[in-house]
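Open the model in your viewer and keep the selection tool at hand. Each stop below says what to select and what is there.

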Amino acid sequence: MRYLSLFFIFLAFAVSGCVPGSNQEITDLKGEVAQMQIQFRELQRNHADLYAKADTEFVTLDVLAASIQDLQRKVSALTQKIQDLEVIAGKKNRESGDSVLPSDIFQNAYSDYSMGKYELAYKGFQAFVEKFPNAELAPQAIYYMGESLYSRSKWQEAIDEYQKVEQKYPRSEHVAAARLKIALSYELLGKKSQAMNVFGSIVKDFPQSSEALTAKEKIRIYNNAQKK
């Protein structure tokens, strides 16, 4: 449970707007986030083990998968907070000439997305990526550009955005999620074979991910339907 305690400590910084007063504190925060990432990967492995041992516990698995994705988003947000603090502390140059922090633009866009203002959210995330292409949240911003289109049933356009996550940030933790939404978009477009190919790639490349569980179930349903 230690990673949860760390999360609430970081969240207190984010909510209160408090800024650590020294470079050492920023370094310490980086170390703590690195530990959270290790524990996050362990949680993913436990999730895969649970699925292998008790594949009928779908409710439990769904809850755990949602928790993993939520923690993944929070780790990214906290890492972005560190980058904001580095900007404030003068440890690196701003990526834009204005006084707005990267997380401010991202959060504004995410607020629009949460309220169902998908077109406005898309523009906000797009502005974020254009201003801060090297920011921690850049892959997530592109993913949400895809989500904003997906939510408006613009599935082919959404695919184009989701693909950019892996094209531009191949090591991002959001690649598996982006691939899953690509497959689901193909499915909605009636392109079953393309969807199955992508589902298969998720199982192969990300076998311990929560996305692989969904992909396996989709493949199972598809194969059963083919046998009838």
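Select Glu166 and Arg179 in this predicted model. Their side chains form a salt bridge, with the closest N and O atoms 2.9 Å apart. The pair links distant parts of the chain: Glu166 belongs to helix H7 and Arg179 to helix H8, 13 residues apart. Are the two residues buried or exposed? Glu166 is partly exposed, because its relative accessible area is 30%. Arg179 has 12% relative accessibility and therefore counts as buried, the cut-off being under 20%.

Next, select Glu187 and Lys192. These two form a salt bridge as well, and the closest N and O atoms are 4.0 Å apart. Glu187 has a relative accessibility of 19%, so this residue counts as buried. Lys192, at 39%, counts as partly exposed.

Move on to helix H10, residues 210–227, and pick out Glu217 and Arg220. Their side chains meet in a salt bridge of 2.6 Å, N to O. Both residues lie in H10, three residues apart, which is about one turn of the helix. An α-helix has 3.6 residues a turn, so residues three or four places apart point the same way. Glu217 is partly exposed, with a relative accessible area of 24%. Arg220 is also partly exposed, at 42%. Elsewhere, salt bridges that share partners join Glu166, Arg179 and Asp205 into one network. How many salt bridges does the structure hold? The count is seven.

Now select Ala176, which is found in helix H8, residues 175–188. What does Ala176 touch, leaving aside its neighbours within four places in sequence? The contacts are with Ile202, Phe206 and Glu211.

The next stop is a loop. Select Ser153, which sits between helix H6 (138–150) and helix H7 (155–168). What is the phi of Ser153? The angle is near 65°, a positive value in a residue other than glycine. Most residues other than glycine have a negative phi. Ser153 counts as partly exposed, because its relative accessibility is 43%.

Colour its buried residues: Pro102, Ser103, Ile105, Phe106, Ala109, Asp112 and Tyr113. After H4 comes Gly116, and its phi is positive, near 80°.

Which residues form one aromatic cluster? The members are Phe106, Tyr110, Tyr113, Tyr118, Phe125, Phe128, Phe132, Tyr143, Tyr144 and Tyr162. The model has ten aromatic pairs. One of them is Tyr143 with Tyr144, an edge-to-face pair: 5.7 Å centre to centre, with 75° between the planes. Tyr143 and Tyr144 are both buried.

Clear the selection and look at the whole chain. There are ten helices and zero strands. Of the 228 residues, 41% are buried. The accessible surface comes to about 12200 Å², and carbon and sulfur atoms account for 52% of that area. Among contacts between residues at least 6 apart in sequence, 56% join residues at least 24 apart.

Finally, colour the chain by pLDDT. The average is 77, and 57% of the residues score at least 70. Where is confidence lowest, and where is it highest? Confidence is lowest in helix H1, residues 2–16, with a mean of 41, and highest in H7, at 98. Select residues 1–21 to end the tour: pLDDT stays under 50 there, and the model has 28 contacts beyond four places in sequence for this stretch. Where pLDDT is low, the predicted coordinates should not be read in detail.

Methods
Residues are numbered from 1 along each chain as its sequence is written. Side-chain values use heavy atoms; hydrogens and water are left out. Helices (H or I, at least four residues) and strands (E, at least two) are DSSP runs, numbered from the N terminus. Contact means heavy atoms within 4.5 Å. Buried means under 20% relative accessible area, exposed over 50%, partly exposed in between (1.4 Å probe, protein chains only). Accessible areas come from the Shrake-Rupley method with a 1.4 Å probe; for residues, only the protein chains shown count as cover. pLDDT is the predictor's confidence in each residue, from 0 to 100. Rings of Phe, Tyr and Trp (its six-membered ring) pair if their centres lie within 6.5 Å; planes under 30 degrees apart count as stacked, over 60 as edge-to-face and the rest as tilted.
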